[in-house]
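Welcome, and please take a moment to look over the structure shown here. We will go through it one topic at a time.

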Amino acid sequence: MKTNIFIVLFSIACFSSPIKINKNVSDFINGITTSHRSGLLVPGKNQEDILKWKTSIIEYGIVKSSIEKQKDSLIKNCNMPIFAYDSKRDVAILKSENDETRFRVPSKSLISNKDEFKSIAEKFILKNLPKYSVEYNSTDVTTITTKEKTSILNGTVNFRRIFMEGIILGNVSFIKVAINSLGEVTNVEICWPEFIEIKNNRSSLKEEDNTIPATKLLSIVSDDYSDINSMTDGKDDTPLSSAEIIGSARGWFKMDGNILTPVYSFIVKGNLVNGESYNETTNIPVLKKYHPK
Amino acid sequence: MRFKILLVLSAAFSCFGWGSFGSPQYFWTGAWLSTYSGVSCSSDDLPRATAHKAKFLNALSSGASANGRSYLLQLNYENSTMTYASFASTDKNSCDVVFWTGHGDEGSGKLLSNDCYHERYFPFGGSYTKWVFLEACHFFQYNKNPWSYDDSLMNGAHCVYSFASNYKWFKHQTGSWWCCTFGGCKCFSYSDDRWTYMWERFFSGNYNLWGAYSSAMGDSHAEGGYGVEVAAVTLYGTLQDDNGHTEYNYLFACPTKDWAYEGLIYPGSNPDGYLNAAFLDEVFGTPSY
């Protein structure tokens, strides 16, 4: 199957690929494609500023947070009386007294669209948690349908952490703000581990020169697609018809051993010949030590 | 603690009387699974179904045990024994939790049994059944209500959790080629982890069951790079306990760990026409249908 995919991808590359195969990775990073950064909370900065990767070639160790010890200040700052700590996920959970209103059939809903949730959550963070550097990621909305009507039950607005001007990928560090149908913030989750520079391997690191050719990127996409598809619904013989990079960003990826390493992060949309598509996040490390000879 | 149903549910359950068997101590379970290997009516095998079921049961067992609850796998059907009769005709009264992993069908409310019955007339619950999990693609119709399904849908169950889109199985390499080389080969995420996430969150006490279910499914699919639409049909009503505390418009899909109101529905109750049923759904990313 890999051979088939390679042939398909090669054909795509030669004739009709939406991937710009003559460009290298730095082209993708520097504005050729749309960033998958989706929003900023820090006034005065724009995406171009963020994409100028000024950070170093340093790796960091991920250390358990001290957020449990900040219980009193978080309760005060967020004006929420209930505090819980999920030790397994290292997450602080703050709840208002009306948290369960998110899970009752609402008598009325003052929220009519998901953008309102985003606005409320951003204001909440800027006012109550200004020291936490995050950007907007997504909004998840639960709707409820009874025989009488369909309405919004609640929403959760997801923010991801910014660290050294890159985004923290995965569920390593985030803030989630839950809001009920009346527009009240009822629940906040904060995952905020500490990052400590790993000094002992600094001398061995060397930044990659950003010249990974797009053909290499294609092979990465192919491998990733093959790996996913072989495990997905048994549809392991559905070839790609095309693939395109739909987003890019500087980011940090959690390696095994709780190491945070800088990466270029791409979202690749793969279109299958059967009309289905999938989005695949591919993270390519900045540091040379992770690249094959 | 003893409870009684107050108002709204009475329309649906008036002919059955009050449920009053208190907070259940049980997580007795029935499980149905098929990988459809060699089954002619199935276009796709589901090779990871076995791992999904194992994670579901293991995480449930661990969580129940850690919280002093009783877990027992009462009914267990796999592959050749996962027949239509095994589901439709087996008494599920002994099962608080029902788990099915197999094929659904484009929002029709149908399931495919291993003996090729493609039916929507599955009675999902039993007298004591509270929660039904149907890990089946696109079981619910997108943006539709549950009342178009057959009345036997719940059969006394409190809620049915499933999907209103396709869902994905995966073993996903999270960091591309370099991760395995340099990361100790642990850079994988597995779709079966969703069930561990769900039960851990529920038993942590910080999530109610719908919150645990939806967030776990959302996180799992994000790990695989997929979107998903999760959904549930649930009973709801206004309840009062013996201390006079009233819960207005309580959604039975959302019990917390102490599940104080989960003992309320009388065994054998079967709402007529789902007068007091609601449909919950949440979309993560861009699902396929």
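Predicted model: local features only at pLDDT ≥ 70, side-chain atom pairs only at ≥ 80, totals over all residues.

For chain B as a whole, the mean pLDDT is 77, with 73% of its residues reaching 70 or more. Within that chain, confidence is lowest in helix H1 (residues 10-13), at a mean of 35. The highest value in chain B belongs to helix H2 (residues 49-66), at 95.

Now turn to chain A. Its pLDDT averages 72, and 60% of the residues score at least 70. Residues 1-52 of chain A have a pLDDT below 50, and the model gives this stretch 97 contacts beyond near neighbours in sequence. Further along chain A, residues 229-236 also fall below 50, with 19 such contacts. For the complex, the predictor gives an ipTM of 0.84 and a pTM of 0.81.

How are the two chains built? Chain A has 6 helices and 12 strands, while chain B has 6 helices and 13 strands. Of the 293 residues of chain A, 37% count as buried; of the 289 residues of chain B, 55% do. Contacts can also be sorted by how far apart the partners sit in sequence. Among contacts with a separation of 6 or more, residues 24 or more positions apart account for 68% in chain A and for 73% in chain B.

Let us pick one residue of chain A to follow. A:Ile284 lies in strand E12 (residues 277-285) of that chain. Is A:Ile284 buried or exposed? A:Ile284 counts as buried because it has 25 C-beta neighbours inside 10 Å, and the threshold for a buried residue is 20 or more. A:Lys254 is 30 residues away from A:Ile284 along the chain, and the C-alpha atoms of the two are separated by 12 Å.

In soluble globular proteins, nonpolar side chains tend to be buried together. Here the largest nonpolar core has 121 residues, and the members that touch the most others are B:Cys159, B:Val160 and B:Phe163. Strand E11 (residues 228-241) of chain B supplies the largest share of this core, 7 residues. Which residues does B:Phe163 contact, leaving aside its neighbours within four places in sequence? Its partners include B:Ala136, B:Cys137, B:His138, B:Phe139 and B:Phe140. B:Phe163 is also in contact with B:Val228, B:Glu229, B:Val230 and B:Ala231.

Our last stop is a pair of helices in chain B. The axes of helix H5 (residues 193-204) and helix H6 (residues 209-224) come within 8 Å and cross at roughly 150°. The crossing of H5(B) with H6(B) is right-handed. On the H5(B) side, the residues that meet H6(B) include B:Tyr197, B:Met198, B:Arg201 and B:Phe202. On the H6(B) side, B:Leu209, B:Ala212, B:Tyr213 and B:Met217 are among those that meet H5(B). Sorted by class, this contact has 8 nonpolar, 2 polar and 4 charged residues.

Technical notes. Residues numbered from 1 in each chain as written. Chains lettered and ligands numbered in written order. Core = buried A, V, L, I, M, F, W, Y, C linked by C-beta atoms within 7 Å. Buried ≥ 20, exposed ≤ 12 C-beta atoms within 10 Å, placed from the backbone. Helix = DSSP H or I, 4+ residues; strand = E, 2+ residues; numbered from the N terminus. Contact = placed C-beta atoms within 7 Å. pLDDT = per-residue confidence, 0-100. Axes fitted to C-alpha atoms, helices over the stretch in contact; angles between N-to-C directions. Left-handed = near helix turned anticlockwise from the far one by under 90°. Nonpolar A, V, L, I, M, F, W, Y, C, P; charged D, E, K, R; others polar.
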